[in-house]
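Hi,

Here is the model I promised to pass along. Please have a look at it first, and then read on for my notes.

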Amino acid sequence: MGVSSRRKGAKRSRRAAMAEINVTPLVDVMLVLLIIFMVTVTLPAVGVPVELPESRAAPVEEQPEQITISIDRAGVIYIEDEAVAAGGLPDALEALDRGSEQPLIVLRGDRSLDYGRVMQVMGELGRAGFTSISLVTDGSVSAP
């Protein structure tokens with residue numbers, strides 16, 4: 001008698017084709033894309049190139065009702081992405097839509113600016129009635 005590798009009564013197993021789609025990789029990719037989208041949306045939308053001073057201060061969350069004012073290296077003032085003519089800041093501030101409540105002013109000043117120039121802009125903001133002003137810095141400083 002010959003030795004058989006099959007046991008008595010055992011059937012030959014054959015894998016059946018799966019008729020369903022494995023959605024786990026699809027869900028993983030979608031979650032990664034969602035995270036990337038959420039991170040890129042929260043980046044500041046102001047396109048004025050300003051080299052911010054460094055600080056270890058805690059970051060402040062963005063608010064939907066905020067107005068960004070930037071001062072570049074040359075001292076030119078921008079409200080959002082629009083340059084303000086020299087001496088025209090008070091008129092530009094009066095023209096801003098203040099909405100139902102006072103908006104938060106986010107002030108971005110280049111690190112090479114004179115402190116007095118930044119204080120002039122802050123003085124104009126105070127004179128126009130804006131009392132909530134945040135100064136933006138570069139928070140990428142490592143601890144000493």
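Two points on the basis first. This is a predicted model, so local features need pLDDT of at least 70 and side-chain atom pairs count only at pLDDT 80 or more, while totals for chains, interfaces and linings use all residues. Residues are numbered from 1 along each chain as its sequence is written, and side-chain values use heavy atoms, with hydrogens and water left out.

Helices (H or I, at least four residues) and strands (E, at least two) are DSSP runs, numbered from the N terminus. Strand β1 covers residues 66-71, and six of its six residues are buried, so the strand is largely enclosed by the rest of the structure. Buried here means under 20% relative accessible area, exposed over 50%, and partly exposed in between (1.4 Å probe, protein chains only). From β1, Q66, T68 and S70 point one way, and I67, I69 and I71 the other.

Strands pair if DSSP finds at least two bridges between them. With β4 (residues 104-109), β1 pairs in the parallel sense over six bridges, and I69 has L107 as its bridge partner there. With β2 (residues 77-79), β1 runs antiparallel, joined by three bridges; in this strand I79 stands opposite I69. The β1–β2 hairpin has five residues between the strands, and G75 takes a positive phi near 90°.

Finally, a salt bridge is a side-chain nitrogen of Lys or Arg within 4 Å of a carboxyl oxygen of Asp or Glu. The count by this rule is one: E124 with R127, at 2.6 Å, N to O. These two are three residues apart in helix α3 (residues 115-127), which separates them by about one helical turn. R127 is exposed, at 63% relative accessible area.

Best wishes
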